[in-house]
Every structure is written in C-alpha cells, then in structure tokens.
Amino acid sequence: MPPSALLYDKNQEASLQNNVSINAHPNNVIPIATPTFRVTCNRVGKDHQFTSMDCAAKFGGAINDLLHWRVDLSNPDINVILNIVENSINISIALTGASLHRRNITQFGPTALRSTIAYNMLRLADIQNGDIVCDPMAGGGSISVEGAVNWISSFHICGDNHHAAGLRSVANRDYAGNQNNIRSMAMDVATWDVCCLPLRRNSVDIVVSDMPFGKRIGSKHKNWKLYDHALSEMARICRCSSGRAVLLTQDSKVMTKVLQQYKHLWKRRHCYWINIGGLTAAVYLLLRTEHEY
Ligand SMILES: C[S@@+](CC[C@H](N)C(=O)[O-])C[C@H]1O[C@@H](n2cnc3c(N)ncnc32)[C@H](O)[C@@H]1O
C-alpha cells in the first residue's frame, strides 16, 4: 500500500457526497493516524543462515521505510506474521489476538491435536449436510468437536480404545457446546477398537482421523498391523464410490505400503505435507472406490 493510501482526502469525500468535483488542495488533506505494527516470524528449516529475529527485523524495517508505520512490539494495531518453512515463506496478518489452536478443547491428552489442524482436515473432507463423519482413533475428540461446532448439519461419531480418551472426548464436547451456545452437539462418543468397529458396512460418509505416529503412542513396529487393519475397517464402514477419508500420520512409509495393498478400496487423491511442532507429517485425502468390501 503506498503511503498516500493512508491519507484521508476531505475533498474526495465531499465530491463523492455532492457529486461535485473540487480540486484537492494540500491543506485539505488530513493524515489518518498511522497504525502501529510488529512482525512475528515462525521458522522451520535446518539450513537457514539467519534467525527468526533477523527476518522480523528486516521485514519490519521495509514496512517502516515504505509505509512509515511505527513499531510497537507489545500492543500493535497490526501483527504481520511470517511463516517460513525451509525455502518457502507465507506472509499474513493476524486476525485474532491469540492463536486459535486450543479453541473448544479443555481436556488435553498426550497427543492432543491442534484444533486448527483438525478444522482444516475436516475442510478437506468437503462435508455435506447430513453426512456421517467418523473419527475411529479419536483421543480427546478434537476432530469431532471441531466438526460438531462448525458443521452442525452433519453427525460426528468418534471412539478410541482407551476409556480415559472417551471421557476426555465427552468433556471436550460438553465444553465446546457451552462455549459456542450449541445446546445439543451432534456428536457421539464410543469406546471401540478401530480394527473391529461396531458399525455397519457402508454406514459412514467420511472418516477423518489423526493416526498414531508410533512415537508417543504405539510403536512403528505395531503400526504395520494397526494401519493394515484400520484402513481395511475404514473401507468397510465407508460408502463405496462417494466415501472419503482424511488421515493424518507421520508414518508415511507404512501408510504408502498399506495404501498399495488396498488400492482396490482406496484411491489416493492428494497428500499434503504439514509441520506439527517441528515434525513433518502427511495428510492423505483418500477416495473410496466403487469396489464392494
Ligand atoms: C494420535 S492419537 C489421536 C489424538 C487425537 N486426535 C486428539 O486430539 O486427542 C491416536 C489415538 O489412537 C488411539 N488408538 C490406538 N490404537 C487404537 C485402536 N486399536 N483402536 C482405537 N483407537 C486406537 C490411541 O489411543 C490414541 O488416542
């Protein structure tokens, strides 16, 4: 934005209101108070020859030179965010004072997923009114909670094989309902094993799940069997042809092998690489083929 865009022209407004053209005079130009700003830099990458502070300072200097905005680190009007991952940079302006990654959740388990990531996984699934959305390895239910808050015309079922996780899901569901003034959250919680779900064939439209990475929960070795059974069971409950799955995992090696094995049931539509607390993970968007289970 050029500096002139920050100036308020009294004549321009008058000419708009009266439809009369008046020649602008320097004395009639009143500067609007320039905003204060800060630059916040988040950075992931091994080979950078600079620090996050360097980036924020350089970028802030350029904004100041161009727009003459004043720096205020503690209470800025505008917070410019630089997200640097390896060789790419994303520049944005913060719309909320604090990060929303803990919204709607009050009970956190050892692998609680950020609400913001849960929300974006659900968006990828393209949920339609009336869809049944299932998270069969739900932990504290962050995915289903985001779903029930933001896609209120669909139904969300979640479960985990740990009883304590189910209790957290129920607490989070009730908390999110209160926070968002939703009297009856369209979300149910079960205790189950993903390898043997108590659900009918073709009964679910969408599976969205954050699968064990094999680090804090389970092990890389156990993932071979778990992912195999889970992908098979997800294919059984998911509707042929229209069903889809959005699965987050860090174990792309096992996932790739298992998807190869079940290519008659799942078609890999896309794989998005994301960063979770410094770990690279993959979000798979899968489409259920027309092949009957
Ligand atoms: C990465 S965590 C999910 C975390 C969750 N998204 C959250 O925000 O709390 C994976 C979950 O899968 C569950 N899990 C592992 N094996 C399972 C199985 N056989 N059946 C059901 N759940 C299982 C674990 O108990 C764990 O809660």
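**Note on the predicted model**

1. Of the 293 residues in the chain, 41% are buried (under 20% relative accessible area, with exposed over 50% and partly exposed in between; 1.4 Å probe, protein chains only). This is a predicted model, in which local features need pLDDT of at least 70 and side-chain atom pairs count only at pLDDT 80 or more, while totals for chains, interfaces and linings use all residues. Residues are numbered from 1 along each chain as its sequence is written, and side-chain values use heavy atoms, without hydrogens and water.

2. The chain's mean pLDDT is 89, with 88% of its residues at 70 or more; pLDDT is the predictor's confidence in each residue, from 0 to 100. Over residues 1-25 pLDDT stays under 50, and the model has 32 contacts beyond four places in sequence for this stretch (contact: heavy atoms within 4.5 Å). Where pLDDT is low, the predicted coordinates should not be read in detail.

3. Seven helices and 13 strands are present in the chain; these are DSSP runs numbered from the N terminus, helices being H or I of at least four residues and strands E of at least two. Among contacts in the chain with a separation of 6 or more, 70% join residues 24 or more positions apart.

4. Helix 6 (residues 220-237) packs on helix 7 (residues 252-261) at about 40°, the axes lying 10 Å apart.

1. Helix 6 (residues 220-237) and helix 7 (residues 252-261) pack at an angle of about 40°, with axes 10 Å apart; axes are lines fitted to C-alpha atoms over the stretch in contact, and angles run from 0 to 180 degrees between N-to-C directions. The crossing is right-handed (the near helix is turned clockwise from the far one by less than a right angle).

2. Helix 6 makes the contact through Asn-223, Trp-224, Tyr-227, Asp-228 and Leu-231, and helix 7 through Lys-253, Val-254, Met-255, Lys-257, Val-258, Leu-259 and Gln-261.
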